[in-house]
Amino acid sequence: MPDADDIDALARSAACGDPAALDALLLAVRPEVLRLCARFLPSREDAEEACQDTLVALAGGITRFEGRSSFRTWLHRLTANRARSTYRTLRRRWRLEAGGVPLPEQADPRRTSVVAGTRLDLLDAFDAVRPDLAEVVALRDILGLSYPEIAALLDVPVGTVKSRLHLARRQVRQRLGAE
């Protein structure tokens, strides 16, 4: 696995249109993208789907990478957004295949692991808050980015990140019934 400097160099070259750099970049970041997607989604298959979606989005959007933050930070944001989007797509697909039968309010513990059930509840809670708030809490609490990294990525002051995170956590806790 190339180090962060090598990844950043590949990303800059790919952003300038180098197809060989893009291929090398996709190959290099795939394991990390899959690992990050698995933090969001309850099953390996869902994480694989989100990973593929992220890599397709990366390939199509690499020219928009401006280098304001490290490539890895940019990749984390892209991955978080694609994992959440994949979850929403899977949820819609399930509803269609289930003939309109609504999803259960709580995950069935006989069929779903505690971790998977918690992730599903968390993803549903994310959908219940504003996207800018859900994004901040996902970047901080799930992907572990620092306040300065999130601020640079979102192009907002660190104080705004902290404020959004506080509000998002409160809303997510309320949605999860923890308050």
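I looked first at charges over rings, taking NZ of Lys or CZ of Arg within 6 Å of the ring centre and within 35 degrees of the ring normal. The charged end of Arg140 lies over the ring of Tyr147, 4.3 Å from its centre. Lys162 also places its charged end over the Tyr147 ring, at 5.3 Å from the centre.

I note that the model is predicted: local features need pLDDT of at least 70 and side-chain atom pairs pLDDT 80 or more, while totals for chains, interfaces and linings use all residues. Numbering starts from 1 along each chain as its sequence is written, and side-chain values use heavy atoms, without hydrogens and water.

I then searched for aromatic pairs (rings of Phe, Tyr and Trp, the last by its six-membered ring, with centres within 6.5 Å; planes under 30 degrees apart are stacked, over 60 edge-to-face, the rest tilted). I found three aromatic pairs by this rule. Phe71 and Trp74 make a tilted pair, 5.7 Å centre to centre with 35° between the planes. Phe65, Phe71 and Trp74 form one aromatic cluster.

I checked burial (under 20% relative accessible area; exposed is over 50%, partly exposed in between; 1.4 Å probe, protein chains only). Phe71 is buried at 1% relative accessibility, and Trp74 is buried at 17%.
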